[in-house]
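This report describes a pocket, a surface patch and the charged side-chain pairs of one protein model. The sequence and structure are shown first.

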Amino acid sequence: LDVIDRGPAQYLAYILFVEYLTVLLGPEWIDALAERCGIPRDAMSVVARHAELDKEHTAAGLQELDLLVGKTVDVRELRATLSVSMDYFSKFTHEISGLSN
């Protein structure tokens, strides 16, 4: 994201989104890959462990974000970065779902 080049603290908002998404979708994603693509679950242990560990990171990340950026970063900028990240993800999923037609 070019926004991160302009304001490196914006990376915190982006990575929080990515980690939260991994927590939410990780288990379901692993199930789908195993059941529909035949990928052995033990071949995806890194993703499974990452999803499990990110539960703590995500919860802590929400609190730490305020402490790390303090008054140096406008919260509206962080929210804008989250919005851009979510928009990219939405476009990605729509593109992927269009490939199956």
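In which helix do Asp87 and Lys91 both lie, and how many residues apart? Both belong to helix α4, at a spacing of four residues, about one turn of the helix. Helices here are DSSP runs (H or I, at least four residues), numbered from the N terminus.

## Basis of the model

The model is predicted: local features need pLDDT of at least 70, side-chain atom pairs count only at pLDDT 80 or more, and totals for chains, interfaces and linings use all residues. Residues are numbered from 1 along each chain as its sequence is written, and side-chain values use heavy atoms, with hydrogens and water left out.

## Salt bridges

The whole structure contains three salt bridges, each defined as a side-chain nitrogen of Lys or Arg within 4 Å of a carboxyl oxygen of Asp or Glu. One of them joins Asp87 to Lys91, with the closest N and O atoms 3.2 Å apart. Asp87 counts as partly exposed because its relative accessibility is 38% (buried is under 20% relative accessible area, exposed over 50%, partly exposed in between; 1.4 Å probe, protein chains only).

Asp31 and Arg41 meet through their side chains at 2.7 Å, N to O. This pair links distant parts of the chain, since Asp31 is in helix α2 and Arg41 in the loop between α2 and α3, ten residues apart. Arg41 also forms a salt bridge with Glu35, at 3.7 Å between the closest N and O atoms. Asp31 is partly exposed at 32% relative accessibility, as is Arg41 at 41%, whereas Glu35 is exposed at 60%.

## The largest pocket

The largest pocket has a volume of about 570 Å³, the volume being the space filled by probe spheres set on grid points joined across faces, edges and corners. A pocket is an open set of points on a 1 Å grid over the protein atoms alone, where a 1.4 Å probe fits, with protein on both sides within 12 Å along at least five of seven lines; lining residues have an atom within 4 Å of a point.

The lining comprises 18 residues, with Leu21, Leu25, Gly26, Trp29 and Phe89 nearest the centre. Helices α2 (10–37), α3 (45–69) and α4 (75–99) each supply at least two lining residues, and α2 gives the most, with 13.

## A nonpolar surface patch

Leu25, in helix α2, is partly exposed, with a relative accessible area of 36%. Together with Tyr20 and Leu24, Leu25 makes a nonpolar surface patch of about 280 Å². Such a patch joins nonpolar side chains (Val, Leu, Ile, Met, Phe, Trp, Tyr) within 5 Å, from residues with over 30% relative accessible area and no salt bridge; areas come from the Shrake-Rupley method with a 1.4 Å probe.

How values were computed:
Patch = residues over 30% accessible without salt bridge, like charges linked within 9 Å, V, L, I, M, F, W, Y side chains within 5 Å.
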